[in-house]
Amino acid sequence: MSQTITPFSFAKRIPTTPSIGSATVTKPDHVHLSFGFAAPHLFPIEQLSQAAADAVSLHGRKALQYSGSGGPGQILSWIQARSKVHGIQAELDQILVTYGSTQGIDLATRILVDPGDHVWVESPSFFSALQAFRTAEAVITSFPIDEEGVRVDLIENALLDARQNNKPIPKFLYTMPTYHNPGGVTLSLERRKRLAQLAEIYNFFILEDDAYSELNFTGNTYPPLYTLYPERVIYLNTFSKIIAPGLRLGWIIADSSVIAKIRLLSLGGSIGVFTQEIVAKLLSGFAFQEHVDSLIDHYRSQRDIMAKAVRESFGGHVSFHLPEGGFYIWLRFPDHVNTSDFLQDAADRGVSFVDGKSFYVNPEGFHYARLCFSYVSEAEIGRGVKSLADAYFAYINNSNSNTNSNNNTNTNTNTNTNTNTNTNTNTNTNTNNNTNTNTNTNTNTNNNNSPKIVAVLAAQEDIRTSDSEQLIKELSVELGLLYESDGTAGFQASDVEVPRAAFIVARLDGHPVGCGALRPINETTVEVKRMYTRPDFRRKGVAQAILSEAERLANQFGYTSIKLQTGPKQPEAAALYERVGYYRVPIYSGNWDLVLAYQKDLNS
């Protein structure tokens, strides 16, 4: 037999990388803030051991058959009764046990989505869910979250746009409305109601992942989306967070017609019937609510310990929403930070975390990080957060050193350029022609590596045409994701309604990497507002390209000066402005500690 094996072509839908979320470090003193695991000392080991013994001794032969003994039926009845506590009324034929809620995501996707169908998600979102949607070859669109959960207003705008312009309506929206992973936020009651209404109006499903809802730290309750529109909500939950993840048991609640479709995918098999037998025995004599209360007390304390450690170790360098439940704190760093850049250094210092980009559909979220407080001890939280802060500050110091080095290099380059210019002034005509040729070549080379600028102007009379408005809408959808949870969803048509204004977008490879708006302050001065560069494209000429376009347009419109603002915590931006000819001017309103103003005279 030949020793050479011919390469095989596997299905293209198979992911190129595995799902992520836990570190591979096995050192005993390593702090795993990346692990989204339950606390192992809270597993009901003694009760599970007795339940397993009872399952074997009382029903062993039947429990080990394909269909099991009475356990699966008892599990369904328990799920039905527990769901009523949360306001969910479901018949037994509306409940299906799964291998954890992740299998529920996969099964729901498989019955709803054909390749090319649209699925909408939150931004950020659970990475295993994103993997399932990609494997299904869905077209995924994401919508940002804020402290009240996903931006339902943006979803509504997108649905309206889809209907008016004959674009696809999503097959479903995947959401984790209660104690979001990774964001820690909870969808407000008002938004829950409106989202359910939109599902009815536009006829799409909501895939509701409610894995953390039992871990309620505050006592505030929120109705599951299923209770608001059961006909179009597929509800997912799991025993992983409330008993033990190794059981691999979860459940789906949905309309009976949906459950019937999902059953067709089981190929006649049942889910972990012996495990169901064990869990049924456990729950039959288990003080479940007391157990949940003990989980809540522990995880609430862990959350508070981590929040305190973050504040003490990072100070004002990060912000976060204090979660009302669940397992996670979602850290937001300054916009110019890329948390992926200090993952390895943190690991070398003895702590792991999940970098923000792992939770996004598009290349974004670089300045976020997820920390899990459920798996580690109190001492490990303090040590791990301190080590993470050390890695972050080392990264910042190194970045500042590189910036200073780059600035020195730029100064030398400018000096050389001036020298060359003086030399060229004294050369003959042929030399000048050669210089022009070289300049054109360099320009073309730069264009290949530089952002492409898209500008929608308000100087022409036809700016308010439908074509211009549609372009603004399309760019706004793209740019909305850049702003994430700070409440800004990109630009609206009103941003360029005034005369002599512009909407500027920088793109690379068809994707937006930066933006800005040019709006008049008075007859002589224009202001650059909402200027944003995607974190992974900082120091790559994007901001300078936007500024150059803004200055060109300002000149075209007849302005004599241009102004912009930044903050003292953005030294790279300030350095860029000063490097390209802007100078500091006083601020007469706003917070002097947070805002710096710069101006450039265009005709000087």
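Cavities first. On a 1 Å grid over the protein atoms alone, a cavity is a set of points where a 1.4 Å probe fits but cannot get out, and lining residues have an atom within 4 Å of a point. Points are joined across faces, edges and corners, and a volume is the space filled by probe spheres set on them.

This is a predicted model: local features need pLDDT of at least 70, side-chain atom pairs count only at pLDDT 80 or more, and totals for chains, interfaces and linings use all residues. Numbering runs from 1 along each chain as its sequence is written, and side-chain values use heavy atoms, with hydrogens and water left out.

How many cavities of 30 Å³ or more are there? There are 2. Helix 2 (71-85) and strand 8 (233-238) each supply at least two lining residues. Helices (H or I, at least four residues) and strands (E, at least two) are DSSP runs, numbered from the N terminus.

Next, the core. A nonpolar core is a set of buried Ala, Val, Leu, Ile, Met, Phe, Trp, Tyr and Cys residues joined through side-chain atoms within 4.5 Å; buried means under 20% relative accessible area, with a 1.4 Å probe and protein chains only. The largest has 129 residues. A second, separate core has 28 residues, including Val513 and Leu576.

Last, helix 1. The buried residues of helix 1 are Leu48, Ala51, Ala55, Gly60 and Ala63.

Technical notes. Buried means under 20% relative accessible area, exposed over 50%, partly exposed in between (1.4 Å probe, protein chains only). On a 1 Å grid over the protein atoms alone, a cavity is a set of points where a 1.4 Å probe fits but cannot get out, and a pocket is an open set with protein on both sides within 12 Å along at least five of seven lines; lining residues have an atom within 4 Å of a point.
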